[in-house]
Amino acid sequence: MQNILVTGGAGFIGSNFIRYLLEHEPTVRVINLDALTYAGSLANLQDLPSPERHIFVQGDICDANTVGELFRNHAIDTVAHFAAESHVDRSILGPGQFVQTNIVGTFNLLEAARQAWLVEKRVDPQTARFHHVSTDEVFGTLHPNDPPFDENTAYSPRSPYSASKAASDHLVRAYNHTYGLPVTLTNCTNNYGPYQFPEKLIPLMILNALEGKPLPVYGDGMQVRDWLYVEDHCEAIHLVIKRGIVGETYAVGGNNQPPNLEIVNTICEVMDEYLPKSAHSPHASLIKYVQDRPGHDRRYAMNISRIQSELGWQPRQNLQSGLARTVRWYLDHPEWVSAIRGREDFQTWMNNNYTQRGHKK
Ligand code: NAD
Ligand code: DAU
């Protein structure tokens, strides 16, 4: 790994991954291609270790010329593909951009890699890697007694977001089977931690609680997710790129499955502890039940035994320690919070998503 193209590196997981990589790979050069949509920000890339090894390029993965030029100009030998539209609620209100970015954008990257590595042979295809970062949501939803998802679970996506991610996974595997493109994939569960855009559950709840605003729990709050601290996900991706088998998929998750309500209550308890004099304590009194997400998947869970036994990966944070770190990080970074939330598109989104929901009880 010498010149790695990271797509979506100004977003939540991508920026954490770049930080991780610069720390753990002392000679790698990172070329970060990001369109800086509402979800991406250069504020996520401040204070990088070894910033001289990070090159930021503002551009769209749907633009084939931009992508092709990057492969030619930077001798790219590795791709870590994070760029995506990633928010399920946004995919319900506006699915078109998900089809463009997640499917057409992934196709462009695969074509550029095929051209550079297999046709023009600019780098040795034996050492090149295209790593695709995907989600557990492609597998659909679980009933209470179903076994967790694993690498062999059949695809059954149920939202425009998960359907577009499923399509991109299929394209990545097709390029491996048809052309021999050296790919690996990870399907991961819900991430949380520093730099997560504050419209996702955990940062939204932390920041609303801080300001004494309602904590909007969808439906009955008993939907189950499997939560992984973002740095643990970065370590898993790094390991798969270095030691994973070409053509293979690795399921990644946190080995915990609390209902959403438990997550929100735990955040409130941590906030009560960190801010005992807050006028909003006990923060759990701010919980408000609101109208559910249409087609809301009830339960996700992941069997992570393959990556544990084959690559020796293990989540380092449990939910309690990861949430405590995350709450601390948001409390300690008010400038980042106001830069991100001050944007017009954030306020517009909050109005669009929550005003029509109302309170359920
Ligand atoms: P995010 O929404 O925080 O960031 C996405 C980044 O991609 C942003 O910086 C955005 O500007 C960039 N981007 C969007 N469209 C682009 C385009 N057309 N061209 C270039 N850049 C573009 O997302 P995230 O939560 O960091 O997720 C990253 C990846 O991980 C996604 O592929 C997502 O499906 C996957 N994933 C996320 C989670 C999670 O819990 N967040 C879990 C599993 C998998
Ligand atoms: O499972 C992996 C996926 O996790 C990733 O592929 C997605 O990119 C990522 O956004 C995440 O999807 P979710 O839909 O699970 O995340 P979100 O934070 O939007 O919601 C988490 C749960 O909390 C979900 O059951 C919906 C619920 N929720 C969410 C919000 C924003 C609420 O109850 N209230 C809210 O206001």
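**Entry 1: ligand 2**

I started with the classes of residue around ligand 2: the shell has 9 nonpolar, 8 polar and 6 charged residues. For my own reference, Ala, Val, Leu, Ile, Met, Phe, Trp, Tyr, Cys and Pro count as nonpolar, Asp, Glu, Lys and Arg as charged, and the others, Gly among them, as polar.

A note on what I'm looking at: this is a predicted model, where local features need pLDDT of at least 70 and side-chain atom pairs count only at pLDDT 80 or more, while totals for chains, interfaces and linings use all residues. Residues are numbered from 1 along each chain as its sequence is written, chains are lettered from A and ligands numbered from 1 in the order in which they are written, and side-chain values use heavy atoms, with hydrogens and water left out.

Back to ligand 2. Which of the 23 residues around it come nearest? I found Thr135, Asp136, Tyr161, Arg293 and Tyr354. A residue is near a molecule if one of its heavy atoms lies within 4 Å of it.

Next I looked up polar contacts (a pair of N or O atoms within 3.5 Å; within protein, one must be able to donate a hydrogen and the other to accept it, and residues adjacent in sequence count only if both atoms are side-chain atoms). A polar side-chain atom of Tyr161 is 2.6 Å from an oxygen atom of ligand 2. The side chain of Glu137 has an N or O atom 2.9 Å from an oxygen atom of the ligand. Ser86 uses its backbone instead: an N or O atom there lies 2.8 Å from an oxygen atom of ligand 2.

How much of ligand 2 does the protein cover? On its own the ligand has 690 Å² of accessible area, and the protein covers 94% of that. These areas come from the Shrake-Rupley method with a 1.4 Å probe; for residues, only the protein chains shown count as cover.

Helix 6 and strand 8 are the elements that give two or more residues to this shell. Strand 8 gives the most, with 3 residues. I noted that helices (H or I, at least four residues) and strands (E, at least two) are DSSP runs, numbered from the N terminus.

Where does ligand 2 sit relative to the domains? Domain 1 (3–189 + 227–252) and domain 2 (201–223 + 258–295 + 319–355) both give residues to its shell, so ligand 2 lies between them. The domain bounds come from an automatic or database domain assignment.

**Entry 2: ligand 1**

Ligand 1 has 28 residues around it, and Asp34, Asp60, Ser86, Tyr161 and Lys165 come nearest. By class I get 13 nonpolar, 12 polar and 3 charged residues in its shell.

I listed some polar contacts here too. An N or O atom in the side chain of Asp34 is 2.6 Å from an oxygen atom of ligand 1. Ile13 has a backbone N or O atom 2.8 Å from an oxygen atom of the ligand. A polar backbone atom of Ala35 lies 3.1 Å from a nitrogen atom of ligand 1. Taken alone, ligand 1 exposes 840 Å², and the protein buries 96% of that.

Helix 1 (12–24), strand 5 (129–135), helix 5 (160–179) and strand 7 (190–192) are the elements that give two or more residues to this shell. Strand 5 gives the most, with 3 residues.

**Entry 3: the core**

Of its 40 residues, Ile202, Leu215, Ile267 and Trp336 touch the most other members. Helix 8 gives the most to this core, with 7 residues. Both domain 1 and domain 2 give residues to the core, so the core lies between them.

The peptide bond from Ser281 to Pro282 is cis, with omega near 0 degrees. Pro282 is in the loop between helix 8 and strand 11.

Asn255 is not a glycine, but its phi is positive, near 60 degrees. The loop between strand 10 (249–252) and helix 8 holds Asn255.

The cut-offs are under 20% relative accessible area for buried, over 50% for exposed and in between for partly exposed (1.4 Å probe, protein chains only).

Thr189 counts as buried, at 4% relative accessibility. Thr189 and Asn255 are 66 residues apart in sequence and 9.6 Å apart in space, C-alpha to C-alpha.

Conventions. Core = buried A, V, L, I, M, F, W, Y, C linked by side-chain atoms within 4.5 Å.
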